[in-house]
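Q: I have a new model open. How should I read its features, one at a time?

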Amino acid sequence: TAAGMPEVLGPIHLLWVNLVTDGPPATALGFNPPDKSSMRRPPRGRTDSLVSRFTLVRYFIAGSYVGLATVAAFAHHYASQGIPLRQLRDWSQCATWRPDAIAGFSDPCNAFAAGPLRAAASTVALTTLVAMEMLRALCAVSERESILSMPPWANPWLLVGVTLPALLHLAVVYYAPFASIFKLAPLGKSEWIAVATFSLPLLVVEEALKFVGRRLES
C-alpha cells in the first residue's frame with residue numbers, strides 16, 4: 001500500500017495463512033528435541049531477558065525478507081505479463097491512461113481489477129508466503145544449530161505439521177471450487193519457479209543469522 005501497489009493479499013488470504021498454514025507447524029515445533037549444545041552453554045541468569053536483543057534483530061531481518069519477498073513475487077508476476085513496476089505503482093491512475101497502455105487489455109484498469117491476472121499474481125504471492133512459512137518452520141527445529149546438524153526430521157511431528165498445510169494449500173490452489181472462494185488461480189511451471197526464486201533465499205537468511213548468533217555466543 002505504501003508503494004502505491006494494488007492489494008497483494010486480501011483478508012481471506014491473511015486468515016488462511018494465520019489460521020491454517022501457520023497453526024500445525026507452530027504446534028509441531030513444541031515437540032522439538034533439545035539442542036545438541038544445550039548442556040555446554042551456561043544457564044540463563046534470573047535477570048536475563050527472555051528475548052535477547054539479537055533475537056529481536058534476527059526476527060526483524062527474517063520477517064522483513066518475508067514481507068518484501070511476498071510483495072516482490074506479486075510485482076514480478078505482473079512484470080512477467082508486460083506490466084512494469086512503474087505502471088503497477090500508478091495503477092490508481094489507470095482511468096487516465098490510453099486504451100492501449102497495457103497490451104491485451106482494452107481497458108487498462110481491467111489488468112488490476114478482480115480477474116485472471118490479479119488472481120494469478122495474488123496466488124504467486126500467497127504461495128510464496130506459505131512456502132516461506134514452511135521453510136521457517138523447518139529451520140526452527142533449533143534456534144541456534146544449523147539445519148545441517150539438526151535437520152527437520154529430528155522432529156517427525158514437524159514433518160507432519162508442514163506437510164498437512166502444504167497439501168491444504170495445494171487444494172485451494174488447484175481445486176476449482178476452493179480456488180473460486182479464495183480468488184486464486186492454478187500455478188504453472190513458470191509461476192512455481194518464481195515461488196522458489198523468492199522463497200528459497202530465506203534458508204540462506206536463516207542460516208546466516210544462526211551463524212552470527214553462534215559467533216556472538218562464543
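A: Start with a term. Contact means heavy atoms within 4.5 Å. Keep in mind that this is a predicted model.

Q: With that term in hand, what is L158 in contact with, leaving aside its neighbours within four places in sequence?
A: Its partners are P25, A28, L29, A137, L138 and V141. L158 also belongs to the residues with the most contacts inside the largest nonpolar core.

Q: How many residues does the largest nonpolar core have?
A: A nonpolar core joins buried residues through side-chain atoms within 4.5 Å. Here the largest one has 45 residues. Besides L158, those with the most contacts inside it are F74, Y78, I83, L88, F112 and L126.

Q: Which helices each supply at least two residues of this core?
A: Helix 1 (11-21), helix 3 (53-80) and helix 5 (116-139) do. So do helix 6 (156-174), helix 8 (189-199) and helix 9 (201-217). Helix 5 gives the most, with eleven residues.

Q: Step back to the whole chain. How many helices and strands make up its secondary structure?
A: Count the elements, then read their order. The chain has nine helices and zero strands. Along the sequence, the pattern is α-α-α-α-α-α-α-α-α. The C-alpha trace spans about 70 × 35 × 30 Å along its principal axes.

Q: What share of the contacts with a separation of 6 or more comes from residues 24 or more positions apart?
A: Such residues account for 77% of those contacts in the chain.

Q: Now burial. What percentage of the 218 residues is buried?
A: Buried means under 20% relative accessible area. By that test, 39% of the 218 residues are buried. C94 has a relative accessible area of 8%, so it is buried. C139 is at 3%, so it is buried as well.

Q: How many disulfides does a search of the whole structure find?
A: Look for cysteine sulfur atoms within 2.5 Å. The search finds one disulfide. It joins C94 to C109, S to S 2.0 Å. Both cysteines sit in the loop between helix 4 (85-89) and helix 5, 15 residues apart.

Q: Why is the disulfide of C94 and C109 right-handed?
A: Check the torsion about the S-S bond. It is about 105°, so the disulfide is right-handed.

Q: Last, the surface and charge. What do carbon and sulfur atoms supply?
A: The chain exposes about 12,500 Å², and carbon and sulfur atoms supply 67% of it. For charge, count 18 positive and 14 negative side chains. The centres of the two sets lie 7 Å apart.

Terms used: Residues numbered from 1 in each chain as written. Predicted model: local features only at pLDDT ≥ 70, side-chain atom pairs only at ≥ 80, totals over all residues. Heavy atoms only, no water. Helix = DSSP H or I, 4+ residues; strand = E, 2+ residues; numbered from the N terminus. Buried < 20%, exposed > 50% of the residue type's maximum accessible area, 1.4 Å probe, protein only. Areas by Shrake-Rupley, 256 points an atom, 1.4 Å probe, with all protein chains shown as cover. Lys, Arg positive; Asp, Glu negative; His and termini not counted. Charge placed at Lys NZ, Arg CZ, Asp CG, Glu CD.
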